[in-house]
Amino acid sequence: MRKQIVAGNWKMNNDYNEGVSLFSEIVNMVRDEKKGDQIAVICSPAIHLNSLAQLSSGIVKIGAQNCHQNENGAYTGEISAKMIKSTGAEYVIIGHSERRQYFAESNQLLAEKTVTALSNNLTPIFCIGETLDERNNGSYFNVIEKQLEEGVFGLSAEDFGKVVLAYEPVWAIGTGLTATPEQAQDIHAFIRSKVEAKYGVNVADDTTILYGGSCNAKNAPDLFSQADIDGGLIGGASLKSRDFTDIVKALNS
C-alpha cells in the first residue's frame with residue numbers, strides 16, 4: 001500500500017527564528033489533528049534542518065530542498081546528502097522546477113543527485129512536470145516521459161521503490177492557476193502507467209505520486225480524492241501552520 005504524504009516546501013523563506021516558531025506550531029497542530037498513517041514533511045532551508053529535526057518528535061518529518069550530486073569536495077556553498085542526513089532529515093527534494101529553470105539542472109544531473117541521496121538513506125522527492133508552452137503545444141506527455149526515463153528509470157526496481165514522485169505543472173506554480181482534479185489525475189495516471197511499463201504493476205501500485213501545483217487547503221480534498229494522487233508538494237500554503245495542517249487533514253477526507 002503506497003504512502004500518503006504532504007510535503008511542505010518553504011523555499012527561500014523564514015529566517016532561523018521564524019522557521020523554528022512556524023515549525024513548532026505545525027508540529028503541535030499536526031499532532032492534535034492528523035489521523036491515520038499519513039506522513040507530513042517540511043522541507044526547509046538548510047539552516048533549519050538540525051533544529052527542526054530535534055523539535056519534530058517524529059510527528060513531522062524533515063527534508064532538504066536540494067543536495068549536491070557528489071559526496072564531498074571543493075564545492076563552495078553546496079550541501080551534500082551526507083550532511084543533510086547527519087542533521088536528522090529523512091527527505092530531499094530533487095529537481096524542483098525552480099532548480100531546473102533557474103539553475104539549469106538537467107535530467108542527467110538530477111539522476112546523479114538521486115543516486116547520491118539514496119546512497120545516504122534519504123528519500124528523494126523527485127519532481128517532474130511541464131511548462132505552459134509544453135502544455136499548450138501538446139508535448140507534455142513526452143516531456144514527462146523523458147524526465148522519468150533520464151532521471152529515475154535508470155534505477156533498479158528496489159531503489160526506485162524508495163523514490164517519491166511529485167508532478168508539478170510548472171504553469172501552476174506561483175501563478176494562482178491550478179490544474180483541475182481531472183487534469184491532475186490524467187497526468188498522475190499517465191505517470192503510473194509509465195512506472196508500470198518499466199518496473200511492473202506491483203512497483204507502480206506502491207509508488208507515491210504527489211501533486212505539486214498551487215495545492216491549498218481549499219482544493220486539496222478534491223485533488224486528493226483522485227485515484228492516483230497520493231498527497232501534495234506544498235509551496236506557499238506550507239508557510240502557514242493552519243493551512244498546512246488542513247492540507248494534511250485533507251488526506252483523510
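These are my notebook entries on a predicted model, taken up topic by topic.

**Entry 1: the annotated positions**

I began with the UniProt record, an unreviewed entry, whose "active site" annotation covers H96 and E168.

For E168, I found the position in the loop between β6 (164–167) and α9 (181–199), and its relative accessibility of 2% makes E168 count as buried. Its contacts, leaving aside neighbours within four places in sequence, take in G95, H96 and S97, then C127, I128, G129 and E130, and finally I173, G212 and L233.

**Entry 2: helix α5**

I next looked up helix α5, which runs over residues 107–119, has 13 residues, and reaches 18 Å from its first C-alpha to its last, close to the 18 Å expected at 1.5 Å a residue. Which residues of α5 are buried? I listed N107, L110, A111, K113, T114, T116, A117 and L118.

I then followed what these buried residues pack against, and found the helices α3 (81–86), α4 (97–102), α7 (140–151) and α8 (157–160), along with the strands β4 (91–94) and β5 (123–128). After α5 comes N121, for which I noted a positive phi, near 60°.

**Entry 3: other backbone angles with positive phi**

I kept in mind here that most residues other than glycine have a negative phi. N14, although not a glycine, has a positive phi of about 75°, and I located N14 in the loop between β1 (5–9) and α1 (16–33). With a relative accessibility of 22%, N14 counts as partly exposed.

S214 was my next case, a residue other than glycine with a positive phi near 55°. I found S214 in the loop between β7 (209–211) and α11 (220–224), and at 24% relative accessibility S214 counts as partly exposed.

**Entry 4: salt bridges**

How many salt bridges does the structure hold? I recorded 13, and I looked at several of them individually.

The side chains of E33 and R242 meet in a salt bridge at 2.7 Å, N to O. E33 lies in helix α1 and R242 in helix α12 (residues 241–250), so the pair ties together parts that are 209 residues apart in sequence. I checked the exposure of both partners, and E33 counts as partly exposed at 22% relative accessibility, while R242 counts as partly exposed at 35%.

R242 also forms a salt bridge with D246, and there the closest N and O atoms are 2.9 Å apart. I noted that R242 and D246 both lie in helix α12, four residues apart, about one turn of the helix, and that D246 is partly exposed, with a relative accessible area of 25%.

A further pair is K162 with D159, whose closest N and O atoms are 3.5 Å apart; this distance qualifies because the cut-off for a salt bridge is 4 Å. K162 counts as partly exposed at 43% relative accessibility, and D159 is partly exposed as well, with a relative accessible area of 26%.

Finally, I noted that R2, R192, D228 and D230 are linked in a network of salt bridges.

Key: Residues are numbered from 1 along each chain as its sequence is written. This is a predicted model: local features need pLDDT of at least 70, side-chain atom pairs count only at pLDDT 80 or more; totals for chains, interfaces and linings use all residues. Side-chain values use heavy atoms; hydrogens and water are left out. Helices (H or I, at least four residues) and strands (E, at least two) are DSSP runs, numbered from the N terminus. The expected span of a helix is 1.5 Å times one less than its number of residues. Buried means under 20% relative accessible area, exposed over 50%, partly exposed in between (1.4 Å probe, protein chains only). Contact means heavy atoms within 4.5 Å. UniProt positions are given in the numbering used here, feature names are shortened, and annotations may be inferred rather than shown by experiment.
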